[in-house]
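Here are my notes on the two-chain model you sent over.

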Amino acid sequence: MTGLSLAEAQRFGNEQVGVLGAPATLSVEASAIRRFAEAIRDPNPVYVDAEYARQTRWGGIIAPPTFLCCLRPPVGTADLNFGSVRLNGGNAFTSHRPVRPGDVITAHAWLTGVEAKQGRTGDLLVVQSETRYVNQDGYLVATGRATGIRR
Amino acid sequence: MNRSSDEGHSPGRFSVGDRLPAVVRTPTTRDLVKYAAASGDLYEIHYDDRSAREAGLPGVIVHGLLKAAWLADLVGSWAGPDAFVRELETSYRGIDQPGHPYAMGGIVRGLSGDQHAPCVMVELWGESARGQRTTTGSAVVELTASPLPPEH
C-alpha cells in the first residue's frame, strides 16, 4: 500500500525534478466560475454578474484568484508512489492576467524538489511542485507552487 | 518611495501597519462538499469522516486551498473592486475542522510599485478556535486602475 520506501521515493523524486508532466486543459465556463465563487462564498459580483462586471476595470466576468486550482495536471511523467496519506502544506499563486469565461487554459506541472524527513508520526516526504498556466493566445496567466506532504 | 497623493487607487490610502477587517468563518461539512465539487478535489479526508480518521486525522478537515480562497477574499474585499491579487502565498501549519470558527486577519507590511502599478504587501493569517495560527500567508495586491495588458 505504501509503494516505494522513503529512500526510493527520494531517489525517484530527484530524477523527476524538472520533468514536465502531460498537459491538462480547461475550457473556462462562466458556470464553473460561478460554482467556484459560491463554494468559497466570495460575494464579489465581478465573478458572477456580467452586467456589473462589464462596468469594472475588467470589462467582464473574471475568475477568483485561486480558481485555477481546479486544473490539476499530472506532476511529472510518473506518479510518486509513496505513503497512503497526502496533506497540503502550502500554495502560492502568481497571477499575471485575469482568467475569463471562454479562456482555454493549458497547464503543465513538474516537481521542483523532494525531501525525505522523519516526522513525529514516522517517515514523510515533502514534495514541491510548480504549475504553469497558459491561455489560448499563448500568454502566461499564472504560475502556481505547491508543497505536498506524504506519509 | 514618498507619495502623498490620495487620489484614485494609489496606496496613499493605505499605510504600513494598517489592519484588515477581521473575518470569522465557521465552515460546515456541506461547505467542504461544495468546495470539493466546485474545485474537483475529491480527496475523501475533506468530507468522509472514516477516511479522515484512517488517515490519522481527528475527523474531516478543511481544504487548505479553501482557506487560501477565503484569505484571497479577505484581502480582495478590503482592497476594493479594481484590485488584482498578484501574489497569494499560504502555508498550512495546522488543521481546521468543520463546526469550528476560523478567524482571519491581515496587516499591511509594505507598499511598492509605481504610480501605474501601486502595490500593497499584506501579511495574512487564519487561526483556529484555540488560537493556533493554522494558516500563515501573504499577498501582493495591485491597486491600480491602469489598463490591463493587451489580450491579443
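1. Start in β5(A), where Arg132(A) has Thr143(A) as its bridge partner. The pairing behind this is antiparallel, with ten bridges between β4(A) and β5(A); two strands count as paired if DSSP finds at least two bridges between them. Helices (H or I, at least four residues) and strands (E, at least two) are DSSP runs, numbered from the N terminus. The two strands make a hairpin with five residues between them, and Gly138(A) in the turn has a positive phi of about 85 degrees.

2. Some housekeeping: this is a predicted model, in which local features need pLDDT of at least 70 and side-chain atom pairs count only at pLDDT 80 or more, while totals for chains, interfaces and linings use all residues. Residues are numbered from 1 along each chain as its sequence is written, chains are lettered from A and ligands numbered from 1 in the order in which they are written, and side-chain values use heavy atoms, with hydrogens and water left out.

3. Chain A has three helices and five strands, in the order α-β-α-α-β-β-β-β from the N terminus. Its C-alpha trace spans about 55 × 30 × 25 Å along the principal axes.

4. Look for Gly90(A), whose bridge partner in β5(A) is Thr147(A).

5. What does β2(A) pair with in chain B? Its partner is β2(B), antiparallel, over five bridges, and Thr94(A) stands opposite Glu87(B) there.

6. In chain B, β4(B) and β5(B) run antiparallel and are joined by nine bridges, with Glu127(B) facing Arg133(B) as its bridge partner in β5(B).

7. The contact (heavy atoms within 4.5 Å) takes 44 residues from chain B and 37 residues from chain A. About 3400 Å² is buried between the chains, 49% of it from carbon and sulfur atoms; buried area is the accessible area (1.4 Å probe) that two parts lose on being put together, summed over both.

8. Two salt bridges cross the interface, a salt bridge being a side-chain nitrogen of Lys or Arg within 4 Å of a carboxyl oxygen of Asp or Glu. One links Arg57(A) to Glu142(B), with the closest N and O atoms 3.0 Å apart. On the chain B side, α1, α3 and β2 each supply at least two residues that touch chain A, and β2(B) gives the largest share, nine residues.

9. Over all chains, the search finds 13 salt bridges. Within chain A, Glu38(A) and Arg34(A) form one (3.5 Å, N to O); they are four residues apart in helix α2 (residues 30-39), and therefore separated by about one helical turn.
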